[in-house]
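Grab a pencil and open the viewer. Let's work through a few exercises on rings and strands.

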Amino acid sequence: MNATLVGLSNLTKYFTQGGLLQPKNGIVKAVDGVSFEIVQNETLGLVGESGCGKTTVGRLVLGLIKPDAGQVWFQGRNIFETSKKEMRALRRNMQVVFQDPFSSLDPRMMVKDIVAEPLRVHGISAKEGLKQNVLDLLERVGLEPEHMTRYPHEFSGGQRQRIVIARALALNPKFIVLDEPTSALDVSVQARILNDLQDIQEKLDLTFLFISHNLSVMKHMSDRIAVMYIGKIVEIAPSEELFVNAIHPYTEALLSSVPRLTSENGHTRTILHGEVPSAIDPPRGCRFHPRCPYAAEDCSKSEPKLMEVRKGHSVACPVRL
């Protein structure tokens, strides 16, 4: 069993709606008491509807924003209790690939400068070795040497994302947050990028937090999957276990919505009624109970905790246990 690389403990982040020229009109409970662990060399998938807090979790894990409560542990150290110098060293081991490759790249910089920037910032590579390092990184992600002197607008979406991945790999990180890395790409390009990411992970012993709303992609990429609903983790399990034996009603509904190429005996589509509640004023008790077909009276009174039902499989739904 591999050691834990990343750990989240009761991680909480609220945002105030409104701004300098707008009245403050509510507190958005984006992430509310999230806890899980990621072990070395695994891919943990984080799935849920848009607006459930997935991206905020990713930013918190990397220390890009500070939590209102809770802790993030990386290699046994709380990243929010480190000095600036220590955090700078940690950043070499924690990288990110965002959803939109075009907005992730400076349009005024050539590819060779984009990929070399982390090496320059951290003083990793001597000037004479910089070009070769860039060439090696581009080759690793399937790009050619002639791409070095081109600008981002000269590439396709898939090629831009490969540039972003090359930049993320420049410092030889141990952990990468992949935030919807293929959702802006064509399906055929998605498949190639995902397969390349798996190959890179195996060769470099990387650990991934893979954020997506696409369950088919999650099944292909993830060792374990955590399901998120309005700022809360409602179920977490090994990927194969989750797809065969989901317990939480929200997970069941998500899985039933996955398109199938052939009709399957016994497969029924779970239709959720009502709107997704606002993160400004989430329901009391279980946040899913207004839409849940199994809701009981107690579901609106007390907030369920994640309970382990089988080894590695935890769910926050006492009604279904």
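Two exercises follow, each with a worked solution.

Before you start: this is a predicted model, where local features need pLDDT of at least 70, side-chain atom pairs count only at pLDDT 80 or more, and totals for chains, interfaces and linings use all residues. Residues are numbered from 1 along each chain as its sequence is written, and side-chain values use heavy atoms, with hydrogens and water left out.

**Exercise 1.** Describe the aromatic pair of phenylalanine 74 and phenylalanine 175.

Step 1: Rings of Phe, Tyr and Trp (its six-membered ring) pair if their centres lie within 6.5 Å; planes under 30 degrees apart are stacked, over 60 edge-to-face, and the rest tilted. Searching the whole structure turns up four such pairs.

Step 2: With 6.4 Å centre to centre and 45° between the planes, phenylalanine 74 and phenylalanine 175 make a tilted pair.

Step 3: Phenylalanine 74 belongs to strand 4 (residues 69-74) and phenylalanine 175 to strand 7 (residues 175-179), so the pair ties together parts 101 residues apart in sequence. (Strands are DSSP runs of E, at least two residues, numbered from the N terminus.)

Step 4: Phenylalanine 74 and phenylalanine 175 are both buried, meaning under 20% relative accessible area with a 1.4 Å probe, protein chains only.

Conventions
Helix = DSSP H or I, 4+ residues; strand = E, 2+ residues; numbered from the N terminus. Buried < 20%, exposed > 50% of the residue type's maximum accessible area, 1.4 Å probe, protein only.
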